[in-house]
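Hello,

Here is the structure I promised to pass on.

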Amino acid sequence: MGGTILRTENLVKTFGGLRAVDGVSIKVDERTLTLIIGPNGSGKSTLINVITGFLKADSGRVLFKGEDITNMPPNEVYRQGIVRTFQTPQLLKSLTVLENMLIANVHPGEGVISALRKSQWLETEEEYVERAWELLKFLKLDHLWDRPAGSLSGGQMKLLEIGRALMTEPELIVMDEPVAGVAPSLAHDILQKLVSLKEQGITVLLIEHRLDIVLGYVDHLYVMFNGKVLTEGKGRVGIERVVNDPRVAEIYMGG
Ligand code: ADP
Ligand code: MG
């Protein structure tokens, strides 16, 4: 386990009078799988939207590898090495699985590929295709490479969304409920794949609202409620303490 790759300090995000994120300080260590749980409406999605630049913080700071990235626009945050996935996969449904992988690195307004000279373009394209194939194999989607993304099952779309995120060679991948609505056996597959990303030097920050399915894969657990961190724990013992905390059961009963 390395140092801290991401931290927030007293982050606040309000919507009108509602403090959706109310002074949140978290730390994500390098090459760990960090999980934030909490009932619906706890502020989890808002927190990662602020971290990844999709929403502006009212106050507080976001630090990535020690640098202040607070309120950078999403494409700047992405350039720093943070990629995120959404609760609903952001796929182009009429394009094939492989095409969806290949366009993952092209961001609106960047014109990355067109900016490159032709010879470099070919080299880069070859690399992209190779990387895309490797990832599709890793995700067991390679046999579907020429299918339209829109014809995939819900679970396969989630896998493709993860594949697209990995195409960008991120240092930190931030995922909003990657296994929500996915059948348990596939959910465990996905989580095992996320765990194996740690060996490739990738840090994973996950949001979930259910704990049962993800618990066995987690290094560091935060519980959010009403915009605040209610409790946290690291390692087997720390996580067990959180899970057995009666306040955690209580917020789930209430919701
Ligand atoms: P979670 O992801 O934990 O379910 P959210 O971050 O989506 O929670 O929401 C936290 C609170 O902020 C909720 O009360 C929600 O209704 C509110 N909220 C989220 N997004 C907006 C928005 N764009 N405008 C107004 N209120 C919002
Ligand atoms: Mg959410």
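This is a predicted model: local features need pLDDT of at least 70, side-chain atom pairs count only at pLDDT 80 or more; totals for chains, interfaces and linings use all residues.

Overall fold. The protein has eight helices and 11 strands. Its radius of gyration is 18 Å, close to the 18 Å given by the globule rule for 255 residues, so the protein is as compact as a globular protein of that length. The C-alpha trace spans about 60 × 40 × 35 Å along the principal axes.

Packing and surface. Of the 255 residues, 48% are buried. Take the contacts with a separation of 6 or more: 68% of them come from residues 24 or more positions apart. The accessible surface is about 12,200 Å². Carbon and sulfur atoms hold 51% of that surface.

Charge. There are 28 positive side chains and 32 negative ones. The centres of the two sets lie 3 Å apart.

Helix α5. This helix covers residues 154-167, which makes 14 residues. From first C-alpha to last it reaches 20 Å, close to the 20 Å expected at 1.5 Å a residue. Is α5 mostly enclosed or open? Buried means under 20% relative accessible area. By that cut-off 12 of its 14 residues are buried, so α5 is largely enclosed by the rest of the structure. The buried set includes charged side chains, among them K158, E161 and R164. It also includes G155, M157, L159, L160 and I162. G163, A165, L166 and M167 are buried too. Just after α5, E169 has a positive phi of about 50°.

Best wishes

Conventions: Residues are numbered from 1 along each chain as its sequence is written. Chains are lettered from A and ligands numbered from 1 in the order in which they are written. Side-chain values use heavy atoms; hydrogens and water are left out. Helices (H or I, at least four residues) and strands (E, at least two) are DSSP runs, numbered from the N terminus. The radius of gyration is taken over C-alpha atoms; the globule rule is 2.2 Å times the number of residues to the power 0.38. Buried means under 20% relative accessible area, exposed over 50%, partly exposed in between (1.4 Å probe, protein chains only). Contact means heavy atoms within 4.5 Å. Accessible areas come from the Shrake-Rupley method with a 1.4 Å probe; for residues, only the protein chains shown count as cover. The place of a charge is taken as NZ of Lys, CZ of Arg, CG of Asp or CD of Glu. The expected span of a helix is 1.5 Å times one less than its number of residues.
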